[in-house]
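Let me put the structure up and then we'll walk through it.

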Amino acid sequence: MFEKGEYIVYGASGVCLVEDITTMDMVGVPRDRLYYVLAPMSQKGGRIFTPVDNQKTLMRRVMTREEATRLIDEMPKIEGLWITNEKAREERYRECLKTCDSRDWIRIIKTLYLRRLERTAQGKKITSTDEKYLRMAEDYLYSELQIPLGIPKEEMEKYITQKLSEAETESKAMAER
């Protein structure tokens with residue numbers, strides 16, 4: 001069970017603050033059933049009421065600082081999603097977003113970043129579908145990482161790029177020794 005004041009990832013709603021744990025005073029709802037009152041970070045003023053024992057929507061704690069740092073360190077090793085069929089690729093993006101797994105979000109981001117570079121080299125733009133899933137994956141990932149790292153979501157891409165660049169430089173220096 002999550003605690004009041006804790007940040008969690010709640011399905012497609014992304015990062016949410018557990019504002020309260022309470023019962024519902026509504027007709028047809030058992031009075032002894034507990035509900036989380038969640039405030040999604042992506043919707044200012046929004047509220048989600050979900051049973052504590054909800055089995056339909058994935059819920060998990062936001063990663064710790066150590067987990068976030070390790071995830072960034074592992075990013076170069078995380079494989080992209082190389083699916084040539086447009087419909088199958090979009091379906092796979094949808095599945096990855098639903099998992100609430102930050103590694104799946106990174107797979108989408110890596111795939112679409114490289115796809116954008118490839119299309120730009122061909123004089124083409126990224127498709128609106130690709131752009132949509134890239135924004136969603138980045139939003140989910142950066143929203144979560146900002147909690148343990150204490151870095152605003154808007155600065156997360158720059159921070160990650162810098163960390164990966166530093167790691168690459170360090171790796172090259174070690175290889176030269």
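Predicted model: local features only at pLDDT ≥ 70, side-chain atom pairs only at ≥ 80, totals over all residues.

Residues are numbered from 1 along each chain as its sequence is written, and side-chain values use heavy atoms, with hydrogens and water left out.

So, salt bridges. By that I mean a side-chain nitrogen of Lys or Arg within 4 Å of a carboxyl oxygen of Asp or Glu. How many salt bridges does the structure hold? The count is 17.

Take Asp53 and Arg33, whose side chains meet at 2.9 Å, N to O. That pair links distant parts of the chain, 20 residues apart: Asp53 sits in the loop between β4 (48–51) and β5 (59–61), and Arg33 in the loop between β2 (14–23) and β3 (34–40). Helices (H or I, at least four residues) and strands (E, at least two) are DSSP runs here, numbered from the N terminus.

Are these two buried or exposed? On my scale, buried is under 20% relative accessible area, exposed is over 50%, and partly exposed is in between (1.4 Å probe, protein chains only). Asp53 counts as partly exposed because its relative accessibility is 43%, and Arg33 is partly exposed too, at 31%.

Asp25 and Arg31 form another salt bridge, at 2.7 Å, N to O, and both residues are exposed.

Over in helix α4 (residues 128–149), Glu131 and Arg135 lie four residues apart, about one turn of the helix, and their side chains bridge at 3.9 Å, N to O. There's also a salt-bridge network linking Glu86, Arg89, Arg115 and Asp130.

Okay, the patch. Trp82, Tyr113, Leu114 and Leu117 make a nonpolar patch on the surface, with about 450 Å² of accessible area together. Patches take residues with over 30% relative accessible area and no salt bridge, joining like charges within 9 Å and nonpolar side chains (Val, Leu, Ile, Met, Phe, Trp, Tyr) within 5 Å; the areas are Shrake-Rupley with a 1.4 Å probe, and for residues only the protein chains shown count as cover. Tyr113 is in helix α3 (residues 102–121).

Last one: which residue has a positive phi although it is not a glycine? That's Cys100, with a phi of about 60°. Cys100 sits in the loop between α2 (86–98) and α3, and counts as buried because its relative accessibility is 3%. For context, most residues other than glycine have a negative phi.
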